[in-house]
Amino acid sequence: MTPERWRQVQEVLLAALERPPAERAAFLDRATPGDSELRREVESLIVGSETAETLIEGAVQDALELATMEAGEVQPGEVQPGARVGPYEVVREI
């Protein structure tokens, strides 16, 4: 990809990400008329950014929950089988 093309992709991508997800398809229709390759590239990057955002949010939530437990807000033995701690379910005490 040429530097000029990459700048074009970045410009359209950033503009698309500024819009609510429901408005992005219509925006891309206007921003990429007749350039299906540009549209595919931007859509691929949008999906990648959403996936990365979801993974980061999950990791941050897990870290916050672990920090809360380590800070003493949840003591060993207080969490009973069947309880959920973040994405995990307590099955039994080790």
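**Figure 1. Right-handed crossing of helices α1 and α2 in the predicted model.** In this predicted model, helices α1 and α2 cross in a right-handed sense. The axis of α1 and that of α2, the helix formed by residues 21-31, come within 10 Å and cross at roughly 150°. Since an angle over 145 degrees counts as roughly antiparallel, this crossing makes α1 roughly antiparallel to α2. On the α1 side, the residues that take part in the meeting of the two helices are V12, A15, A16 and L17, and their counterparts in α2 are R24, F27, L28 and A31.

Figure 2. Helix α1 runs over residues 3-17, and its 15 residues reach 21 Å from the first C-alpha to the last, close to the 21 Å expected at 1.5 Å a residue. The buried residues of this helix are R5, V9, V12, L13, A15 and A16. They lie on the same side of α1, because they cover an arc of only 165° around the axis. The other side of α1 carries exposed residues, namely P3, E4, R7, E11 and L14.

**Figure 3. Buried and exposed sides of helix α2.** In helix α2, R24, F27 and L28 are buried. The arc that they cover around the axis is only 100°, which puts them on the same side of α2. A22 and R30, by contrast, are exposed and are found on the face of α2 that is turned away from its buried side.

Figure 4. R24 is a residue of helix α2, and with a relative accessible area of 12% it is buried, because buried means under 20%. When its neighbours within four places in sequence are left aside, R24 is in contact with A16, L17, R19, I46 and E50. Two of these, A16 and L17, are also among the α1 residues that meet α2. The C-alpha atom of R24 is separated by 9.3 Å from that of E43, a residue 19 residues apart from R24 along the chain.

Figure 5. V42 belongs to helix α3, which comprises residues 36-70, and it counts as buried at 0% relative accessibility. Leaving aside the neighbours of V42 within four places in sequence, its contacts are with V9, V12, L13 and L28. V9, V12 and L13 are among the buried residues of α1, while L28 is one of the buried residues of α2. Between the C-alpha atoms of V42 and L17, which are 25 residues apart along the chain, the separation is 9.9 Å.

**Figure 6. The whole chain, as context for the close-up views.** The protein chain has three helices and two strands, and these follow the pattern α-α-α-β-β when read along the sequence. Of the 94 residues in the protein chain, buried residues make up 15%. Among the contacts in the protein chain with a separation of 6 or more, 36% are accounted for by residues 24 or more positions apart.

Key:
Residues are numbered from 1 along each chain as its sequence is written. This is a predicted model: local features need pLDDT of at least 70, side-chain atom pairs count only at pLDDT 80 or more; totals for chains, interfaces and linings use all residues. Side-chain values use heavy atoms; hydrogens and water are left out. Helices (H or I, at least four residues) and strands (E, at least two) are DSSP runs, numbered from the N terminus. The expected span of a helix is 1.5 Å times one less than its number of residues. Buried means under 20% relative accessible area, exposed over 50%, partly exposed in between (1.4 Å probe, protein chains only). The arc is that of the directions from the helix axis to the C-beta atoms. Axes are lines fitted to C-alpha atoms, for helices over the stretch in contact, and angles run from 0 to 180 degrees between N-to-C directions. Angles under 35 degrees count as roughly parallel, over 145 as roughly antiparallel, 65 to 115 as roughly perpendicular and the rest as oblique. A crossing is left-handed if the near helix is turned anticlockwise from the far one by less than a right angle, and right-handed if clockwise. Contact means heavy atoms within 4.5 Å.
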